[in-house]
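Student: I'd like to go through this one with you before I set anything up. Can you put it on the screen?

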Amino acid sequence: MDSKKLEEEIKDFRLREEAASTSQSRREDHGAEHDAELQITCFSEVLNDVTFHFQIIRFPKQIYVWIGCNSAKFGHMYAAAPTRPNNMVSATSILGGSSDNTGSGIARRLVLKTGLNIILACSIPKNNPMLEADAEKLLIQKLISLGYTKSRREGKSL
Amino acid sequence: MSLGATFLPPFPVSHKHLSLPIKGNKTEILISSYEDRFLVIATQIGTMGTILHARKEEGMPINPTFNVSVIFGKRDEQMLEACARQLIEHMSSSSGSSKPLVLSLGLKDHSTETLKAIVSAVIDNRLW
């Protein structure tokens with residue numbers, strides 16, 4: 001009886017610890033939900049007359065990001081992850097075919113910045129590097145403000 | 001310099017997030033509706049797990065057929081495909097929607113009970 005209670009208390013303590021270390025004050029256009037396991041952030045920004053929509057879902061060991069460009073289309077999906085032994089990143093397209101790899105570069109760089117597995121869905125039109133760069137800039141700014149990126153100190157190990 | 005505030009439309013993607021225990025495992029379910037897809041994520045393990053894609057085949061208004069495939073992750077778990085199949089069929093029959101479904105399942109066990117519980121939780125909180 002005691003050991004089960006102890007186990008549950010330890011689990012609770014761990015969850016609280018995790019929540020405390022990752023929570024910061026956040027003000028979004030559409031509210032962020034806080035949960036020890038899952039954090040959802042949705043926001044939109046206009047840059048150079050283009051409206052970008054972002055949906056960021058933070059799992060404990062993974063981040064899912066959706067980027068919409070003037071629309072709510074899901075777009076193509078990419079998966080990227082750090083690969084041992086050296087700090088390489090592997091990225092692949094998992095939905096949408098590989099002829100258009102707008103977004104795979106973003107996925108790759110997100111892994112470098114966060115150190116986590118990334119699933120990215122993005123509907124940025126192809127052959128438009130400026131849009132890609134703008135979207136990535138806004139996204140990285142938000143990830144830094146949410147505290148999802150690694151600090152420089154930890155940059156050595158991926 | 002632009003004059004006046006930029007008008008931002010309301011966020012175009014609606015979503016629902018719920019958390020429930022299934023067979024003792026805390027399960028996070030997220031349902032998201034995009035313009036041309038639905039996304040359903042159910043996780044017990046802290047990651048998105050296996051990702052499946054399910055869609056209704058074109059051109060068959062009555063007795064439609066569906067295509068379900070794993071696009072990332074475990075390819076030998078039939079229960080996951082069955083789960084995707086149930087959801088896409090429900091989506092198609094209850095709302096007539098032809099939007100494909102991206103289903104992400106990160107589960108600790110692939111028993112029938114767990115998957116039935118997930119299907120019913122998603123249907124109860126559906127966005128279609």
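Student: Leaving aside its neighbours within four places in sequence, which residues is B:L20 in contact with?

Tutor: Bear in mind that this is a predicted model. Once the neighbours within four places in sequence are set aside, B:L20 is in contact with B:N25, B:K26, B:T27, B:I29 and B:A121.

Student: Which loop of chain A holds A:D49, and what is its phi?

Tutor: A:D49 is in the loop between β2 and β3 of chain A, and its phi, near 70°, is again positive in a residue other than glycine. A:D49 counts as exposed because its relative accessibility is 76%, where the cut-off is over 50%.

Student: Let's zoom out. What does the secondary structure of chain A come to?

Tutor: Chain A has 3 helices and 7 strands, and from the N terminus on the order is α-β-β-β-β-β-β-α-β-α. Of its 158 residues, 44% count as buried, and among the contacts in chain A with a separation of 6 or more, 53% are accounted for by residues 24 or more positions apart.

Student: Which residues have the most contacts inside the largest nonpolar core?

Tutor: That core has 30 residues, and those with the most contacts inside it are A:F52, A:I56, A:I67, A:L120 and A:L139. The elements giving two or more residues to it are β2, β3, β4, β5, α2 (104-114), β7 (117-122) and α3 (129-146) of chain A, with α3(A) providing the largest share at 7 residues. There is also a second, separate core of 29 residues, which includes B:I31, B:F38, B:A42 and B:L107. As background, nonpolar side chains in soluble globular proteins tend to be buried together.

Student: Last topic, the interface. How many residues does the contact take from each chain?

Tutor: The contact takes 33 residues from chain A and 30 from chain B, and the area buried between the two chains is about 2,800 Å², with carbon and sulfur atoms giving 71% of that area.

Student: How many salt bridges and polar pairs are there between the chains?

Tutor: There is 1 salt bridge between chain A and chain B, where the side chains of A:K73 and B:E35 meet at 2.8 Å, N to O, and there are 8 residue pairs in polar contact, both residues at pLDDT 80 or more. By class, the side of chain A that touches chain B has 18 nonpolar, 8 polar and 7 charged residues.

Note on methods:
Residues numbered from 1 in each chain as written. Chains lettered and ligands numbered in written order. Heavy atoms only, no water. Contact = heavy atoms within 4.5 Å. Buried area = accessible area lost by both parts, 1.4 Å probe. Salt bridge = Lys/Arg side-chain N within 4 Å of Asp/Glu carboxyl O. Polar contact = N/O pair within 3.5 Å; in protein donor to acceptor, adjacent residues only side chain to side chain. Nonpolar A, V, L, I, M, F, W, Y, C, P; charged D, E, K, R; others polar. Core = buried A, V, L, I, M, F, W, Y, C linked by side-chain atoms within 4.5 Å. Buried < 20%, exposed > 50% of the residue type's maximum accessible area, 1.4 Å probe, protein only. Helix = DSSP H or I, 4+ residues; strand = E, 2+ residues; numbered from the N terminus.
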